[in-house]
Amino acid sequence: MSVVKSIELVLPKDAVYLAGSSIKGQVVLTLNSTLVDPIVKVELVGRGYVEWNEEIGASRDYSRDVICNNKADYVHKTKTFPVEDNWLSAGSRTFDFHFNLPPRLPSTFTSKIGHVFYFVQASCLGREHILAKKRRYLLVQGTSSDFHAENPLQNPLFVEAEKKISYNCCSQGTICLQIQMEKNTFTPGERVIFTTEINNQTSKCIRTVIFALYAHVQYEGFTPNAERRSRVDSSELLRQEANTQITPFNTTKIVSTFHLPPVLSVSGGTQDSEIMNTHYELVSTVHLPWSLTSIKVKVPIIITRAPVDSDTCGLLDGSSVTMSLDHQN
């Protein structure tokens, strides 16, 4: 029978930690029998890693795939708990701990190419052998170095696209697509409200309008020969489809709302720009199957987050959090 019955980590459930905030928790160690010269410790670790295959020499007579990768270490802290008289008797005991996250960190992130992850790990060692360990992954929201708190000077945004449409051999018309927003800078968890106006100057009916929020991530890596490479990958974060009847020679307005996830990579480059940086785009699309074409309007979206200050504890509600970006062809 093992000396250690169990080791557990007690942390707030579904918590989202803001970069620069404190992580407070407990290690609960339960022993079946006395343990001499124990080492009980807890670690905070944050890392990032990207990897993809890339074809080299495609324009020549030969080509080959090479692996491009990169990594970053964001935080690694260790706390070793003092043990009186260098022995622990059978039973349970609790060790309190707290760590301060660095003020500039990328957000928790995962995709098929890249990962940014954070975890707290508790372990118990006896005579240099690991007897038990427990790991809990954390949700961390990165902050923006150039954050400007709720900027009242943000101007309403207006983007428009117009396209001439040919159909039924010789018939022609135009469709005008517009997006209006009060602002285009948001924080994770906010609501994105926008109005789409479709002016249908054709003799056909428009039945479907699709709205989507995309994340465009640029990954930075190196070949085995230390040659720098980059790769851009796009993912659909949120999507809505409006089934409507926009009759010929008519104009329709659609008001839509996206609820942003509570954890998102901030826009542009922060410390995570060593291995990746992210940009966001809101896209409205009208598909026109009777003309084998479509019309799109694209609006840049900026995701930002205030650094921790004396007015915030830095611990956010992260219930039902999912942050997974899957590659879209």
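This is a short walk through the side-chain contacts in the structure above.

Okay, two housekeeping points. It's a predicted model, where local features need pLDDT of at least 70 and side-chain atom pairs count only at pLDDT 80 or more, while totals for chains, interfaces and linings use all residues. Residues are numbered from 1 along each chain as its sequence is written, and side-chain values use heavy atoms, with hydrogens and water left out.

Let's start with the cores. By nonpolar core I mean a set of buried Ala, Val, Leu, Ile, Met, Phe, Trp, Tyr and Cys residues joined through side-chain atoms within 4.5 Å. Buried here is under 20% relative accessible area, exposed is over 50%, and partly exposed is in between, using a 1.4 Å probe and protein chains only. So which residues touch the most other members of the largest core? They're V27, L29, F97 and L138, out of 44 residues in that core. Take L138: skipping its neighbours within four places in sequence, its contacts (heavy atoms within 4.5 Å) are L11, Y17, I23, L44, T108, Y118, F119 and V120. There's another core, lying apart from that one, with 33 residues, including I206, F211, I246 and I303.

The rule: rings of Phe, Tyr and Trp (its six-membered ring) pair if their centres lie within 6.5 Å; planes under 30 degrees apart are stacked, over 60 edge-to-face, and the rest tilted. Searching the whole structure gives 8 aromatic pairs. One of those is F194 with F211: ring centres 5.5 Å apart and planes at 70°, so we call it edge-to-face. Where do the two sit? F194 is in strand β15 (residues 191–201) and F211 in strand β16 (residues 206–222), so this pair ties together parts 17 residues apart in sequence. Strands, by the way, are DSSP runs of E, at least two residues, and helices are runs of H or I, at least four, with numbering from the N terminus.

On to salt bridges, meaning a side-chain nitrogen of Lys or Arg within 4 Å of a carboxyl oxygen of Asp or Glu. The structure has 8 of them. Look at E8 and K134 to begin with, at 3.8 Å from N to O. That pair links distant parts of the chain: E8 is in strand β1 (residues 4–10), K134 in strand β11 (residues 129–141), and they're 126 residues apart. E8 is partly exposed at 36%, and K134 is partly exposed as well, at 31%.

Now R229, which has two partners I want to show. With E54 the N to O distance is 2.9 Å. R229 sits in strand β17 (residues 228–246) and E54 in strand β5 (residues 38–56), so here the tie spans 175 residues in sequence. Is E54 buried or exposed? Buried, at 18%, while R229 is partly exposed at 22%. R229 also bridges to E227, with the closest N and O atoms 3.3 Å apart, and E227 is partly exposed at 39%. Shared partners join E54, E227 and R229 into one network.

What about disulfides, and how many does the structure hold? The count is 0, with the cut-off being a pair of cysteine sulfur atoms within 2.5 Å. As for cysteines, C176 is buried at 9% and C205 is buried at 17%.

D14 isn't a glycine, yet its phi is positive, about 60°. D14 sits in the loop between β1 and β2 (15–18) and is partly exposed at 37%. F249 is another non-glycine with a positive phi, near 55°. You'll find F249 in the loop between β17 and β18 (250–259), and F249 is exposed, at 53% relative accessible area.
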